[in-house]
Amino acid sequence: MKAYKLNSGLSIPSVGIGVFRVEDAAIAYDTVKSALSVGYRHIDTAMIYGNEESVGKAILDSGVPREEIFLTTKLWNDDQRKGTVEEAIKLSLKKLGTDYVDLYLVHWPVKETYVTIWKAMEKVYREGLAKAIGVSNYNIHHLEDLLKETGTVPVVNQIECYPYLAQQELVDYCLSKGIVPEAWGPLGAGKSDVLVNPVIVELAKKYAKTPAQIVLGWNIQRGLVVIPKSVHRQRQEENLEALNVNLGEEDLKKITALNKNLRLGSDPDNITF
Ligand SMILES: NC(=O)c1ccc[n+]([C@@H]2O[C@H](COP(=O)([O-])OP(=O)(O)OC[C@H]3O[C@@H](n4cnc5c(N)ncnc54)[C@H](OP(=O)(O)O)[C@@H]3O)[C@@H](O)[C@H]2O)c1
């Protein structure tokens, strides 16, 4: 599987399975089990998704050795506000049935704590509870503050990113600092018409791929990790195949030009949760 090197030395597979809004325990279990069986080796969950137990059980039952799986979970905002990072990660690990995660992310930049929380993140990293630490939904100014004030560069910044929200400036900034950008909502989160956009449909025909593969391939070729969510085995296979998309320069630019700064999720500068 294609992977990117993180600045901590670990490798992260460039396609992972996301499990946001898969709260039902049996569906979450089946989703992860099926993803592992079709070849995924990277799972993206979070404490707030409420499915860490199902994810952990599916990993255990899959027969895939734990060390072959890149597992991410995230620190929720309440724990960030309270500063209870160690307690939070230990609870996540207990639910996941493992003694480490490969990547622990600060889920959102809470205004008062997005820099100061990093010391506690560094501690769980030093203790080996997380093999790498990163952030999510940080804009350039958040990253600048973090880099100015602290010692460890986050390995990843997981951001909303799909063709209508290309985030080229933020992506370039991350890449220039050795931070791997990771795209959440890479298919438009089931809320967008991006997969029937005529430019995408045309390129899908041209490359004999599906629209989903084209938009995922575009992000991968720009240097992003993608973590599409699907509860369906066939779509999981389809999305993994995005690794074999090879778009030409002009076509990559055509997709980037679809950008309209259209967020489907929350604005990191104005979170209310
Ligand atoms: N850090 C953050 O703040 C944050 C926020 C949101 C999400 N995330 C992470 O990012 C992951 C992905 O984002 P997301 O789940 O919001 O959205 P997404 O992956 O862009 O889209 C998921 C939607 O697309 C559908 N889908 C999947 N494959 C498809 C295909 N090949 N063709 C057509 N439709 C397809 C899914 O339906 P089916 O399941 O029915 O196939 C689902 O409705 C999440 O699961 C989560 O792990 C992180």
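1. Strand 4 (residues 42-44) joins strand 5 in parallel fashion over three bridges; two strands count as paired if DSSP finds at least two bridges between them.

2. A word on the model itself: it is predicted, so local features need pLDDT of at least 70 and side-chain atom pairs pLDDT 80 or more, while totals for chains, interfaces and linings use all residues. Residues are numbered from 1 along each chain as its sequence is written, and side-chain values use heavy atoms, with hydrogens and water left out.

3. Zooming out, the open sheet holds eight strands in the order 3-4-5-6-7-8-9-10, with parallel pairing. Strand 3 and strand 10 (225-226) are at the edges with a single partner strand each, so one side of each has no neighbour in the sheet.

4. Strand 5 (residues 70-75) is largely enclosed by the rest of the structure, because six of its six residues are buried (under 20% relative accessible area; exposed is over 50%, partly exposed in between; 1.4 Å probe, protein chains only).

5. Lastly, do look at Arg21, in the loop between strand 3 (17-18) and helix 1 (25-38). Arg21 is partly exposed at 48% relative accessible area.

Definitions and conventions:
Helices (H or I, at least four residues) and strands (E, at least two) are DSSP runs, numbered from the N terminus.
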